[in-house]
Amino acid sequence: MSTISVIEGSMAVAQAVKACRPGVIAAYPISPQTHIVEFLSQFVADNEMDTKYVRVDAEFSAASAVYGSSATGVRSYTASSSQGLLLMSEVLYAMAGTRLPVVLTGVNRTVSAPITIQPDHQDTMALRDTGLIQLHVENSQEAYATHIQAFKLAEDHDILLPVMVCMDGWILTHSFEPVKLEDQEKVDEFLPPFVPKYRLDTKNPLTYGAYADDEVPEFRLMMHFAQERAKEKIEKIAREYEAKFGDYFGGLIDTYRCDDAEIVMVAMGSVIGTLKDAVDKLRKENIKVGVLKVRSYRPFPGEEILSAVKGAKMVAVLDKSLSVGQGGPLATDVKAALANKQAPPVLGCIAGMGGRDMSMVLIREIIEKSQKAITTGKIPDIEYIALKRQYLE
Amino acid sequence: MIGAVCKAAGSLQYKTGTWRDNRPEVTDKCNGCGICETFCPDSCITIENKKCIIDYDYCKGCGICANECVRKAIVMREERK
Amino acid sequence: MVLAERENLLAAGHRACPGCGAAIALRQILRALGRDTIVVSATGCVETFTSPYGMSAWEVPWIHSLFENSASVASGVHAALEFLREKSSVVVISGDGGTFDIGMGAMSGMFERKQNITYICYDNEAYMNTGVQGSSATPYGSSTTTTPAGKASFGKIQPKKDMPAIALAHDVDYVATASIAYPQDLMKKVAKTKEIYGPKYIQVHTPCTIGWGFDSSKTVEVGKLAVETGLVPIYEVEKGKPMVVKKVKNKKPVEEYLRFQTRFRHLLKEEQKDIANQIQAICDKNIERFGI
């Protein structure tokens, strides 16, 4: 029987990871990832998990340890945030290149300098090209479900890539919500034990991490093909999860009242809930708006976004990070997906960076800017929402 | 293979003997003591019937075997290419 | 010799330079470890010359990921084997750059976790794979491409980092130094690690013909001289037992060692005599400190 408890988002993740029965967890503490690994440590200490918990000396070592354990054929998990994810980045490139199906939680927090612990997506954006599959979640229940789905996806022999579940720090990790925890037996049915394609084994000695001279483009491309295949698998696994547990949070994307929307707001993560509330309010004022949640950032669901927004007059993309010198990375990707197609224009908005709150007032501002762009036909390259001009001096 | 994983001992396909400028030759003085085998960096010496056998497919001609041989049983000669 | 009769587990066809000391070390180490071993390597000469894709020289399972993380990868391999209840030996084989410099934090972490892992450093005293740049294992007075001798320079101005002492400070279960010039001693030490549960550190002196500048046939001879002069002390410390040191009966003046190698040859000039004398003083101090 599933049970519903009011728990922290971090506990929802820890419970999901526990239900997935990883053989090895390695982690290094960083706010706001800490509660996740504290809960997992306690589960191991209480013998509630048959897991080797490797306490390491840095995030670099955390990623490296799960690199080693995954290559040895054992289901492996780690979690980090911000500076820690960046410290892992060299390892994550190698992990994806070696096709090791580690699952990690990327607790979204901005990156120094200036130093802060506020949430935004700057950290996981820096890992965009590693080869990791990146899934963003909206709430604790989705975080729970997506971790279980992530192991199934990562370990699929057609995929074999690390999967990072991205969740906004504090907003999700430290808030309490009712979360439905599934029956262990049913999770076991959904996620059978990890069967490695190959592994470090003295009975069949293989070489991992060989030196390649001529083969590099093909190996990198094979990762890309695996991500292309993952597009179908992400949807399929989400539907299998729904069939088993009754919950569906979207596949590559999810849409809310987009069908007849003139303005579609595109975003990722915890802001989606706020946007859905705003849509309901705006709809009552006869403003036809909808929300498109990008659940899978890598692989990027270009076709799915196109078919969801093609009837709209404006696509407003909310970016919680900034590619300095270019603009919002999500907006850039949406523009690329819609380029050379019969598609509405895109208004890129930098909103919610550095943990700046998204309120109804600000969402209304985005809608007004979108309406103005529709009317005038003039679309600014980039809109900055809730900018405090006094700091610009 | 996926992820650039590969099988053991594939290096045998790569004949490093072509690198050689000088060639070790084993004379009758050899008693198969095995010192040369222990010090050979290139895994190309075996001891059979108390004699050292050099695998010229792989020997790079470094000359350590000749230098370390206690009985001076190995001599280095210029490779005729 | 029982050890020498063991299987060779480094296949021919690897791409080490002719006369490579690290390749000699590798063959001796693998021979002592046997097939039931998983090796983790850092980026470096050994990694490069043994692992071209599809042409691996390894006959045991082997993994390389990056330069600075071999000890941490080994920690994960070890944890996974514990989870699987499998008992293969987990051994790191990394160069001095990956050990003394960029990978030292990871190695310290592994020592502190007290995992059953053997860390073997093949010490060729510089970054050979990238073209002989100085490392913290490069000895005093040595000329490398980033500690070059010149009009205003006698080579590296700092002494070699005492890594075995750092390992010992972690209270690890076994610390040893060895040299490819003394294969029975090296293989005995490596074999011993299989009997001791806990972290272990072995540092193997591996002369490099290109980086040190000597003829490819002289690798073992140079290795011997390093020990016979007292510059490279060979010893082992097993937890709870007194240190065992390799004694040298007829010690040689360090000049014999310096003269052999282009990396030190500038020290034979009259104006660098002081530096050569200081290297002799390092040898004399070692001889006294270790009772060589």
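Which strand of chain A is joined to β2(C), and how many bridges join the two? In this predicted model, the strand is β9 of chain A, residues 206-208, and two bridges join β9(A) to β2(C). The two strands run parallel. Within this pairing, Thr207(A) lies opposite Trp62(C) of β2(C).

The pairing of β9(A) with β2(C) can be set beside the contacts counted between the two chains. On the side of chain C, 41 residues are in contact with chain A, and 35 residues of chain A take part. The size of an interface is often given as the accessible area lost when the parts come together. For chain C and chain A the buried area is about 2900 Å², and carbon and sulfur atoms account for 63% of that area.

Between chain C and chain A, 14 residue pairs are in polar contact, with both residues at pLDDT 80 or more. Several elements of chain C each supply at least two residues of the side that touches chain A: β1 (37-41), α2 (45-50), β2 (62-64), α3 (70-84) and α5 (104-113). Of the side of chain C that touches chain A, α3(C) provides the largest share, with 11 residues. Sorted by class, this side of chain C consists of 17 nonpolar, 14 polar and 10 charged residues. Four salt bridges are found across the interface of chain C and chain A. In one salt bridge, the side chain of Arg85(C) meets that of Asp50(A), with an N to O distance of 3.9 Å.

β14(A) is mostly covered, with six of its six residues buried. Met314(A), Ala316(A) and Leu318(A) point one way from the strand, while Val315(A), Val317(A) and Asp319(A) point the other way. The residues on both faces of β14(A) are buried, the charged residue Asp319(A) among them.

β14(A) pairs with strand β11 of chain A (residues 263-267) in the parallel sense, over four bridges. In this pairing, Met265(A) has Ala316(A) of β14(A) as its bridge partner. β14(A) is also joined to strand β15 of chain A (residues 346-350), by five bridges, and these two strands likewise run parallel. Here Asp319(A) stands opposite Ile350(A) of β15(A).

Definitions and conventions: Residues numbered from 1 in each chain as written. Chains lettered and ligands numbered in written order. Predicted model: local features only at pLDDT ≥ 70, side-chain atom pairs only at ≥ 80, totals over all residues. Heavy atoms only, no water. Contact = heavy atoms within 4.5 Å. Buried area = accessible area lost by both parts, 1.4 Å probe. Polar contact = N/O pair within 3.5 Å; in protein donor to acceptor, adjacent residues only side chain to side chain. Pairing = 2+ DSSP bridges. Buried < 20%, exposed > 50% of the residue type's maximum accessible area, 1.4 Å probe, protein only.
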